[in-house]
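Hello,

Here is the structure I promised to pass along. Please have a look at it first, and then read on for what turned up in it.

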Amino acid sequence: MFDHPDFDDHEGVHVFSDPKTGLRAIIAVHNTNRGPSAGGTRFWSYADPKHAMTDALRLSKAMSFKNAMAGLDLGGGKGVILRPEGDFDREALFAAYGRAVEAVGGRYITAEDVGVSPNDMRVIKTQTDYVAGLDEGPAASGDPSPVTADGVFRGMKVAVLHAKGLESLKGLTVAVQGLGHVGYALCGHLHDAGAHLIVADINAEVLEQAKQAFGAVVVKPDAIHAVEADIYAPCALGGAVSKATLPDIRASIIAGAANNQLATPDMAEACRKRGILYAPDYVINGGGIINVAAEVSGHYDKAWVDNKLAGLESTLKVIFEQASEQEVATTVVADKMARERLGV
Ligand code: NAD
């Protein structure tokens, strides 16, 4: 473990096995300097358990950075459940996982991530209080996606002001990759702001909806990054900006919701060299965890959430300004700020 390429002095890496329910899970606590670690649980079919460990290590570290940049008193952690092969009792599995979360003793608070629903959170809640993203309860915050979309939209405006000197997105063209929970809500904001939309998804139904609701132009998934646009917004999977795609990207701003947008860290400098302003993903997509943090505090306060979203805007502005002044990639400034805030 200590030699694992993604091990970054994680405070704790907990491995759980419960043959009765088929649970095999990892909870990685990266850093708790700012508070108990928080981050979603991913439920995924891994071809190799090693990939689950890689995900847990990488994603928990990313959560430390994201939570610090969002100004939250939370550390970074992540849960990963390896989806059992064949039939399994989902409720029993998530109850067993809830006991695993409880066993970490409050140093990790879970919420939804890929493959996990508010209903799964409800089951986890039967075993532990260290859970958020609930649909019901005194401080329930529900689906974080609309708040993530709001944060990305605000961040785009900051990027447009910095890169183009424009106060609004009116008349600009935004290429949105992925019209899921976040991407579709983001399109709503962009449409309301008078932006033109070019979109791609692998789900035909949602594309038709976007055509009807926003007058969006639809392109094939493998073409979206290369369309003529002012902003490219990756809102699907990770790795949207790679050696293969970057040469074809025509937008001068990359700002989206997806985690791990850069296939490799050197893509940040490559963007800068091509005159593309890249909004670091773990800063611009912090809206969802801000929403979750409001629930963790025990009292959901919309004004507090708004205030933290405004904080994200200021942070992005500083990152863009410092990166321009120092002629470095935006991630150089953002990573340094995150490490300072984490005290590492
Ligand atoms: P989602 O699963 O609801 O949406 C993803 C969408 O991408 C789906 O509509 C899917 O069909 C589409 N898609 C998949 N492969 C594609 C491809 N090759 N080309 C185009 N579209 C493709 O997920 P989401 O909750 O909207 O999250 C989107 C991204 O934002 C993810 O990377 C997620 O990790 C990240 N994120 C989400 C939140 C949140 O609050 N939901 C917060 C922070 C970061």
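**The second largest pocket**

Helix α3 gives the most to the lining of the second largest pocket, with four residues. Before going further, please keep in mind that this is a predicted model, where local features need pLDDT of at least 70 and side-chain atom pairs count only at pLDDT 80 or more, while totals for chains, interfaces and linings use all residues. Residues are numbered from 1 along each chain as its sequence is written, and side-chain values use heavy atoms, with hydrogens and water left out.

Back to the pocket, which holds about 300 Å³ of space. Its lining is made up of 18 residues, and Lys-125, Val-131, Leu-134, Glu-136 and Glu-295 lie nearest its centre. By class, the lining has nine nonpolar, three polar and six charged residues.

Some terms: a pocket is an open set of points on a 1 Å grid over the protein atoms alone where a 1.4 Å probe fits, with protein on both sides within 12 Å along at least five of seven lines, and lining residues have an atom within 4 Å of a point. Points are joined across faces, edges and corners, and the volume is the space filled by probe spheres set on them. Ala, Val, Leu, Ile, Met, Phe, Trp, Tyr, Cys and Pro count as nonpolar, Asp, Glu, Lys and Arg as charged, and the others, Gly among them, as polar. Helices (H or I, at least four residues) and strands (E, at least two) are DSSP runs, numbered from the N terminus.

**Helix α9**

Nine of the 10 residues of α9 are buried, meaning under 20% relative accessible area; exposed is over 50% and partly exposed in between (1.4 Å probe, protein chains only). Among the buried ones are Ile-289, Ile-290 and Glu-295. They pack against α1 (49-69), β5 (108-112), α4 (145-164) and α10 (302-326), where contact means heavy atoms within 4.5 Å. Just after α9, Gly-298 takes a positive phi of about 95 degrees.

**Strand β9**

Which faces of β9 (residues 231-234) are covered? Both are: Ile-231 and Ala-233 are buried on one side, and Tyr-232 and Pro-234 on the other. Strand β6 (residues 173-177) runs parallel to β9, joined by four bridges, and strand β10 (residues 253-254) also runs parallel to β9, with two bridges. Strands pair if DSSP finds at least two bridges between them.

**Domains and single residues**

The domain assignment gives domain 1 (12-64 + 74-125) and domain 2 (145-286 + 314-342); such bounds come from an automatic or database assignment. Six residues from domain 1 and four residues from domain 2 take part in the contact. The C-alpha centres of the two domains lie 28 Å apart.

Thr-330 is in helix α11 (residues 330-342) and counts as buried because its relative accessibility is 8%. Leaving aside residues up to four places away in sequence, Thr-330 touches Leu-277, Tyr-278, Pro-280, Ile-319, Phe-320 and Ala-323.

Most residues other than glycine have a negative phi. Asp-9 has a positive phi of about 50 degrees although it is not a glycine; Asp-9 is found in the segment before β1 (12-18) and is exposed, with a relative accessible area of 66%. Asn-260, in the loop between β10 and α7 (267-273), also has a positive phi, near 50 degrees, and is partly exposed at 42% relative accessible area.

Best wishes
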